[in-house]
Every structure is written in C-alpha cells, then in structure tokens.
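Please read the points below with the structure open beside you. They are arranged by region rather than by order along the chain.

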Amino acid sequence: MSEPSEVGRDPEAVSKFVESFAAQLVEAGMQRMPARVFGALLASDSGALSSAEIGAQLQVSPAAVSGAVRYLSQQHMVSREREPGSRRERYRVHSDQWYEALTSRDAVLKRWQSALDEGVDSLGIETPAGRRLAETRAFFQFIEGEIAEMMERWRVHKEREFGDG
C-alpha cells in the first residue's frame, strides 16, 4: 500500500535512488539488505513502512526484511512501532538517525579503549606493540571527544537550517 503523498511519485525513480544509495552504503561496509531497507525507509515520505510494504517495494522475502530490520535496529538506525489498533509493526527511520548511529558508537569506543588498556598493561607501554596500542587508544579517545563536539555543532546547525521540527 502506497502512502497517499507518494502516489504521484515515479516508482522507478524511487527504486533507482534506493539501489544507488544502498550501493554507496554497501561500499562503506554495510550489509546489502539492510542498506536497501534503510534506503527504502529514507525515501518514503513518512519515514515508516510495514514489513509487507518494504518487501513489495524491494521484491524480497519477509525473512530478508526481518533480518535487515534487526540489524538496523541494533545500529540505532530504525525503530519498530505498532500500527494503532493492529498487531502489525512498522519500521521508522528518524530524522536524527545519523546522530543516533554515531552517538551509539560511544559505548563501542569505550569497550575498545578498555580492551586497549588491558593490552597496554599486558604488553607494557615501553614495547613497540604496547606503544602502538596506547596510540590506538589515544586515537579512539580523541575521536570520542570530536564526535561529541561535532554532534553539538550539528544540533545548532540543524536548528538554524531546519528549525525545531
């Protein structure tokens, strides 16, 4: 079922965008099916589609959609929501999906830093390997601080460009 505001759109043009954008995400390291599902959600006017709508648009099985959505949910790129008065779920991409995806990396960076702490302690900072681990840990600490500052600048920029909505 198409959303009312999407009725006049060229499905071929939408499909071309979805596949092109998905190819860029795959090239950057994302799995193919999650990239396609994310592209489809991003290109929908409401930002939300049911599993059946995604499957029909991408011509894939419900199992493929389910696996892709599970991955995207784990990456904080989509969320699940119930359709009012229904047991069906819809999957939504939020306007701040990039912010969420980047900031959720904070926990990953902290785990990596902790592992590197252990490595430096085990190998000794005076060894070439220990020094390399310490430098890697310092890089992740630097990135963590930069991401936090960049996200604050993004909030200000987004407000200026797009307002409160």
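1. Histidine 76, in this predicted model, is partly exposed, because its relative accessible area of 42% falls between the 20% limit for buried residues and the 50% limit for exposed ones. Histidine 76 lies in the loop between helix 4 and strand 2, and its phi is positive, at about 60 degrees, although the residue is not a glycine. Most residues other than glycine have a negative phi.

2. A positive phi in a residue other than glycine is also found at glutamine 59, where the value is near 55 degrees. Glutamine 59 sits in the loop that links helix 3 (51–58) with helix 4 (62–74), and its relative accessibility of 73% is the reason it counts as exposed.

3. Strand 2 (residues 79–82) and strand 3 run antiparallel and are joined by 4 bridges, with arginine 82 standing opposite glutamate 89 of strand 3. The two strands form a hairpin with 6 residues between them, and glycine 85 in the turn has a positive phi of about 75 degrees.

4. Which loop holds histidine 94? The residue is found between strand 3 (89–92) and helix 5 (97–103), and it is partly exposed, with a relative accessible area of 35%. The C-alpha atom of histidine 94 is separated by 8.1 Å from that of serine 79, although the two residues are 15 residues apart along the chain.

5. Tryptophan 98 belongs to helix 5 and is partly exposed, at 41% relative accessible area. Together with Phe17 and Leu42, Trp98 forms a nonpolar surface patch whose accessible area is about 270 Å².

Key
Residues are numbered from 1 along each chain as its sequence is written. This is a predicted model: local features need pLDDT of at least 70, side-chain atom pairs count only at pLDDT 80 or more; totals for chains, interfaces and linings use all residues. Side-chain values use heavy atoms; hydrogens and water are left out. Buried means under 20% relative accessible area, exposed over 50%, partly exposed in between (1.4 Å probe, protein chains only). Two strands pair if DSSP finds at least two bridges between them. Patches are made of residues with over 30% relative accessible area and no salt bridge: like charges are joined within 9 Å, nonpolar side chains (Val, Leu, Ile, Met, Phe, Trp, Tyr) within 5 Å. Accessible areas come from the Shrake-Rupley method with a 1.4 Å probe; for residues, only the protein chains shown count as cover. A salt bridge is a side-chain nitrogen of Lys or Arg within 4 Å of a carboxyl oxygen of Asp or Glu.
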